[in-house]
Amino acid sequence: KAIEQFRKEKGIIAMTAAGDLGINLVEAKKVVHFQLPWTASGVDQRVSRSRRIGQTGEVEEVFILADDTIDTKLYALVQKKKQLGEKLSKSDLMNVL
């Protein structure tokens with residue numbers, strides 16, 4: 001019922017682990033992460049829920065983080081993993097190792 005209401009209103013979706021579960025949120029224009037997953041692919045998976053066929057605009061990502069908390073450290077770690085993954089996907093794996 002909540003997802004149907006969201007689809008009618010079209011707007012912001014606040015992501016928890018529910019964003020990892022395969023629901024289609026193509027109507028979202030903004031994704032707010034207030035509970036971070038442990039991996040870069042977990043973050044990408046959540047955003048991919050709104051960047052699917054049928055999306056008519058850009059999707060903005062917002063991360064809710066408090067200074068000097070485990071969340072800021074986790075965010076930094078996830079970003080480093082994401083950069084490493086991008087670097088590996090653009091290069092010859094044998095040359096990186």
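A crossover between two strands is called right-handed if, with the strands pointing away from the viewer, the path from the first strand over the helix to the second runs clockwise. Keep that in mind for a few minutes.

What you see above is a predicted model, in which local features need pLDDT of at least 70 and side-chain atom pairs count only at pLDDT 80 or more, while totals for chains, interfaces and linings use all residues. Residues are numbered from 1 along each chain as its sequence is written, and side-chain values use heavy atoms, with hydrogens and water left out.

First, the overall layout. The chain has four helices and three strands. Both are DSSP runs numbered from the N terminus: helices are H or I with at least four residues, strands are E with at least two. Read from the N terminus, the order is α-β-β-α-β-α-α. Of its 97 residues, 26% count as buried. Buried means under 20% relative accessible area, exposed means over 50%, and partly exposed is in between, using a 1.4 Å probe and protein chains only. A contact means heavy atoms within 4.5 Å. Among contacts in the chain with a separation of 6 or more, 53% are between residues 24 or more positions apart.

Now back to the crossover. Strand β2 (residues 30-33), helix α2 (residues 40-48) and strand β3 make a right-handed β-α-β unit. Strands β2 and β3 (residues 60-63) run parallel and are joined by four bridges; two strands pair if DSSP finds at least two bridges between them. One example is Val 32, whose bridge partner in β3 is Val 62.

His 33 also lies in β2. Is His 33 buried or exposed? It is buried, because its relative accessible area is 0%. The His 33 side chain makes a polar contact of 3.1 Å with the side chain of Glu 61. A polar contact is a pair of N or O atoms within 3.5 Å; within protein, one must be able to donate a hydrogen and the other to accept it, and residues adjacent in sequence count only if both atoms are side-chain atoms.

Next, helix α2. Its buried residues are Ala 40, Gly 42, Val 43, Arg 46 and Val 47. They cover an arc of only 165 degrees around the axis, so they sit on the same side of α2. The arc is that of the directions from the helix axis to the C-beta atoms.

With a relative accessible area of 1%, Ser 50 is buried. Ser 50 and Val 26 are 24 residues apart in sequence, yet 4.0 Å apart in space, C-alpha to C-alpha.

How many salt bridges does a search of the whole structure find? One. A salt bridge is a side-chain nitrogen of Lys or Arg within 4 Å of a carboxyl oxygen of Asp or Glu. Here Asp 44 pairs with Lys 82, and the closest N and O atoms are 3.4 Å apart. The pair links distant parts of the chain, with Asp 44 in helix α2 and Lys 82 in helix α3 (residues 70-90), 38 residues apart. Asp 44 is partly exposed at 35% relative accessible area, and Lys 82 is partly exposed at 25%.

Last, one backbone detail. Most residues other than glycine have a negative phi. Asp 68 has a positive phi, near 55 degrees. Asp 68 is in the loop between β3 and α3, and is exposed, with a relative accessible area of 78%.
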